[in-house]
Amino acid sequence: MSQTLSPREVFTKLVDGICAGRFAELADLYAEDAVVEIAFAPVGPRRLEGRSVLRERFQELGTSLSVELTPKNVVTRETDDPEVIVSEWEYQVTQPATGQTYSSANIQVLRVRDGLIVSSRDFHDHLTIAQAGGNLPQLLEALGKE
């Protein structure tokens, strides 16, 4: 008999999967009708709905992410709602070609029901990740088009 994961355990699997580059597995952590809001996304959609859309998004990230991410200083807080946690952490972002490192702040508010993420509000430092990956010029160009 399999045990349902707690919100904290689901968050840990999510971050560990991202850092290990296991993007093909990440959508399976979400409910079929999950909603993810990426409040500070500089370009692209800020709201993603459904596991299939998330699977596509993770596939894109898997092919485009050109940096190494290591979680640091992770703090997860339970709330008065047992389905909801708030996690704060930094990614140590490493540019593999140069070894240069950056620090990228993150906050995520997850609602997990029956071991699956049903909603997420994500606050990530996208600019630092773009800078570390050498993608800042492309990001600025994309911003000029929106």
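View 1. Two strands count as paired if DSSP finds at least two bridges between them. In this predicted model, strand β3 (residues 68-78) and β4 pair in the antiparallel sense over nine bridges, and the two strands form a hairpin with five residues between them. Within this pairing, V75 stands opposite E88 in β4.

**View 2. The largest nonpolar core.** This core has 29 residues, and those with the most contacts inside it are L14, Y30, F58, V93 and I117. At least two core residues come from each of α1 (7-19), α2 (23-26), β1 (30-38), α3 (51-64), β4 (84-94), β5 (101-113) and α4 (126-132), with α1 giving the most, namely five residues.

**View 3. The surroundings of V93.** When residues up to four places away in sequence are not counted, V93 touches V67, E68, L69, Q100, T101, Y102, S104, I129 and A132. V93 is also one of the residues with the most contacts inside the largest nonpolar core.

View 4. The buried residues of α3 are R51, L54 and F58; because they cover an arc of only 55 degrees around the axis, they lie on the same side of α3. The elements that cover these buried residues include α1, α2, β1, β2 (47-49) and β6 (116-124), whereas the face of α3 turned away from its buried side carries the exposed residues S52, E56, Q59 and T63.

Notes: Residues numbered from 1 in each chain as written. Predicted model: local features only at pLDDT ≥ 70, side-chain atom pairs only at ≥ 80, totals over all residues. Heavy atoms only, no water. Core = buried A, V, L, I, M, F, W, Y, C linked by side-chain atoms within 4.5 Å. Buried < 20%, exposed > 50% of the residue type's maximum accessible area, 1.4 Å probe, protein only. Helix = DSSP H or I, 4+ residues; strand = E, 2+ residues; numbered from the N terminus. Contact = heavy atoms within 4.5 Å. Arc of directions from axis to C-beta.
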